[in-house]
Amino acid sequence: MFRFLTAAFVAGAMTAVAGHAATVGADTASASSEFSGSYIAENTINGTGLSTTGDPTASHGIYLRGNHWTTARGGVDGAFIEWGFTAPGSLGGLYIWNHRSTTSAGGGVANNTNYEPTLFDLEFRDASDTVLRSFTDQSIAPDTDLAQAFTMTSILAGVSTVKFTVKQVQGTTPFTGLAEVLFDDSVITGPNVTELGASTTPPVPLPAAAWFLLAAIGGLFMARRKA
């Protein structure tokens, strides 16, 4: 089921975050690959590294063991992560904390930099694995500890899974990944919100009966033309 987080608790008080109604946490996370048991996909949904869990304005800590998803070495090509919900629900947007790769000299665990995705595809599917809406070649900024908000122009109902596919990374690196993600049950508004580009919604296939009807109408039309 959708885990509604509503707003962030700061110093014991609930503070509303402008531009969203309720943040939503995914229930599951799986990925194309994982570097090790310390860098698993679930690290993007469990709040590890966030200054305040469930708060889209929270900052994320530097890259440490247990607080990021990172792919296996050489896993950049075709890298993806998919988040799931035990019960389908409605979404309007999402907040993404990019990977915070840095050199070990900077306090993190990476020996090289530039893990961060800079271009991605996004796909929303229902419980039958049918694509509801997809967005291609979306840009995301690297080198920030804050979430980047992405919104659709309308609420999308019946979402069961969301797939994030890495299309491009910041530099030459054998790794990529993400720090954290939160979803929103409303259309996100605000000065620093990115509207997802034009979506591609596959046409709904006609049932078999409709094809037979169209064929019959076509046959009748041809028969009349011959007469």
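These legends describe close-up views of a predicted model.

View 1. Read along the sequence, the pattern is β-β-β-β-β-β-β-β-β-β-β-β-β-α. The chain has 227 residues, and 42% of them count as buried. Take the contacts between residues at least 6 apart in sequence: 77% of these join residues at least 24 apart. The accessible surface comes to about 11,000 Å². Carbon and sulfur atoms hold 58% of that surface.

**View 2. The largest nonpolar core has 31 residues.** Trp83 and Phe183 have the most contacts inside this core. Four elements are named as giving two or more residues to the core: strand S7 (80-98), strand S8 (117-125), strand S10 (148-169) and strand S11 (177-184). The largest share, 8 residues, comes from S10. A second, separate core has 8 residues. Among them are Trp97, Ala149, Ala179 and Leu182.

**View 3. Trp83 and the residues that Trp83 touches.** Leaving aside residues up to four places away in sequence, Trp83 is in contact with Ala26, Thr28, Ala29, Thr44 and Ile45, among others. The list also includes Ser160, Thr161, Val162 and Phe164. Leu178, Val181 and Phe183 are touched by Trp83 too.

**View 4. Asp137 has a positive phi.** Most residues other than glycine have a negative phi. Phi of Asp137 is near 50°. Asp137 is found in strand S9, residues 131-139. Its relative accessible area is 45%, so Asp137 is partly exposed.

**View 5. Asp143 also has a positive phi, in a residue other than glycine.** Here the value is near 60°. Asp143 is found in the loop between S9 and S10. Is Asp143 buried or exposed? Asp143 counts as exposed because its relative accessibility is 53%, and the cut-off for exposed is over 50%.

How values were computed: Residues are numbered from 1 along each chain as its sequence is written. This is a predicted model: local features need pLDDT of at least 70, side-chain atom pairs count only at pLDDT 80 or more; totals for chains, interfaces and linings use all residues. Side-chain values use heavy atoms; hydrogens and water are left out. A nonpolar core is a set of buried Ala, Val, Leu, Ile, Met, Phe, Trp, Tyr and Cys residues joined through side-chain atoms within 4.5 Å. Buried means under 20% relative accessible area, exposed over 50%, partly exposed in between (1.4 Å probe, protein chains only). Contact means heavy atoms within 4.5 Å. Accessible areas come from the Shrake-Rupley method with a 1.4 Å probe; for residues, only the protein chains shown count as cover.
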